[in-house]
Amino acid sequence: MEFVREFLAFLGARKKYWLLPIILVLVVLGGLLVLAQGSALAPFIYTLF
């Protein structure tokens, strides 16, 4: 949790707010791949990429 707090402080101090949507999309896509890896939906999700 400290990493997230430090990262947000970095974004605020350096005014790099444009990085936040990119990071969020990457985290969501990574989470989707990890959660769907063992499910029956995996072949359909992999076709998106």
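This is a predicted model: local features need pLDDT of at least 70, side-chain atom pairs count only at pLDDT 80 or more; totals for chains, interfaces and linings use all residues.
Colleague: What makes up the secondary structure of the protein chain, and what does the C-alpha trace span along its principal axes?

Modeller: The protein chain comes to 3 helices and 0 strands, and its C-alpha trace spans about 45 × 20 × 5 Å along the principal axes.

Colleague: Why is the aromatic pair of F3 and F7 called stacked?

Modeller: The two ring centres are 6.3 Å apart, and centres within 6.5 Å count as a pair; the planes of F3 and F7 stand at 20 degrees, and because planes under 30 degrees apart count as stacked, the pair is given that name. The count comes to 2 aromatic pairs by this rule, and F3, F7 and F10 form one aromatic cluster.

Colleague: Where do F3 and F7 lie, and how many residues apart are they?

Modeller: Both lie in helix 1, which covers residues 2-14, and they are 4 residues apart, about one turn of the helix.

Colleague: Why does F3 count as exposed, and why does F7 count as partly exposed?

Modeller: F3 has a relative accessibility of 64%, and because exposed means over 50%, F3 counts as exposed. F7 has 23%, which falls between the 20% under which a residue is buried and the 50% over which it is exposed, so F7 counts as partly exposed.

Notes:
Residues are numbered from 1 along each chain as its sequence is written. Side-chain values use heavy atoms; hydrogens and water are left out. Rings of Phe, Tyr and Trp (its six-membered ring) pair if their centres lie within 6.5 Å; planes under 30 degrees apart count as stacked, over 60 as edge-to-face and the rest as tilted. Helices (H or I, at least four residues) and strands (E, at least two) are DSSP runs, numbered from the N terminus. Buried means under 20% relative accessible area, exposed over 50%, partly exposed in between (1.4 Å probe, protein chains only).
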